[in-house]
Amino acid sequence: MFSFTLLSDSALHAKCSAGGAHCFPDLRVGVFKEIVPMGIDPKIVSYKETGIHLSPQEFHREVEQYLSQASQGQSDTILLDCRNFYESKIGHFQGCLAPDIRKFSYFPSYIDENLELFKDKRVLMYCTGGIRCERGSAYLRSKAVCREVYQLKGGIHKYLEEFPDGFYRGKLFVFDDRYCRRLGTCRYCGTLWDQYKLCSSQHCQQLVLTCPSCRNKGLTACCHVCQEKELKVTSRASGQTLKEECECTRRRPRVPIEHVSQKTLGAGKD
């Protein structure tokens, strides 16, 4: 199975992966200004201004060097995960900085609020398939604070094809049946679990990690606010809904301010 992503009139990103028609039961073809919305017109932040593309082999060597130097507190590099928090929570590169953001459209604000963190740094950026890095690296470069900006060509997907036992730990969010060393934990009991389900409350679209044991107990929402609202909605007349409210979202800053040292990044997440 081949997938093609048209980045512009002259740039086409293609990759091959196992699968078939069953993977796309509701296949539709559409034209969009942004494949993964960043909220900034592509004419303002252009794919032509992206970071330097690194092959999986080159990226692997860079990460290896970064981890070696960071363990000694000598690294001038940041390994940046530009995906959403629920993706990095169940899988990420060792020693990465994974922003606690819910949508890619928050990424520009995250960069703006944390510019000092990236000043004079070499940045190694990655995402699932390389698409978000096309926009994210261009935006970061537009700020003219980094010494160098690199991105993983083909994303984690391509890296794992070359290095299934490399520096990536956990699952790749899109491909739930692969790379299954578990990193996530159940929202309620804390047991190791990494298979997401949508919050059971109709007004919420948050993804939640809840293990089979807790789901059997009726713990199927992302937080107690949604759990209570689910009960209220189901008890009301059909057609009546409640205003969206989620404890998880309310407690999480829309754009977190990082307070990390290079030593902390070097130790990183495993």
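Contact is defined here as heavy atoms within 4.5 Å. The structure is a predicted model, in which local features need pLDDT of at least 70, side-chain atom pairs count only at pLDDT 80 or more, and totals for chains, interfaces and linings use all residues. Residues are numbered from 1 along each chain as its sequence is written, and side-chain values use heavy atoms, with hydrogens and water left out.

The protein chain has 10 helices and 10 strands. Helices (H or I, at least four residues) and strands (E, at least two) are DSSP runs, numbered from the N terminus. Of the 270 residues in the protein chain, 49% are buried, that is, under 20% relative accessible area, against over 50% for exposed and in between for partly exposed (1.4 Å probe, protein chains only). Among contacts with a separation of 6 or more, 62% join residues 24 or more positions apart.

Four strands form an open sheet with parallel pairing, in the order S3-S7-S6-S4. Pairing requires at least two bridges found by DSSP between two strands. S3 (52–54) and S4 (77–81) are the edge strands; each has a single partner, so one side of each is left without a neighbour in the sheet. Neighbouring strands are turned by 25° against each other on average, direction ignored. Three parallel bridges link S3 to S7 (residues 148–152). His53 stands opposite Gln151 in S7. Helix H1 (residues 56–70) lies across S3, S4, S6 (122–126) and S7, and runs at about 130° to S6. Axes are lines fitted to C-alpha atoms, for helices over the stretch in contact, with angles from 0 to 180 degrees between N-to-C directions.

Helix H5 (residues 131–142) is largely enclosed by the rest of the structure, because 10 of its 12 residues are buried. Among them are Arg132, Glu134 and Arg135. Ala144, with a positive phi near 55°, follows H5.

The largest nonpolar core holds 26 residues, of which Leu80, Phe107, Phe118 and Leu140 touch the most other members. Such a core is a set of buried Ala, Val, Leu, Ile, Met, Phe, Trp, Tyr and Cys residues joined through side-chain atoms within 4.5 Å. Two or more residues each come from S4, H3 (107–113), H4 (115–118), S6 and H5. H5 gives the largest share, four residues. Leaving aside neighbours within four places in sequence, Phe118 is in contact with Ile78, Leu80, Leu97, Tyr110, Ile111, Val123, Leu140, Val145 and Cys146. Another core, of 21 residues, lies apart from this one and includes Ala70, Phe167, Tyr168 and Leu172.
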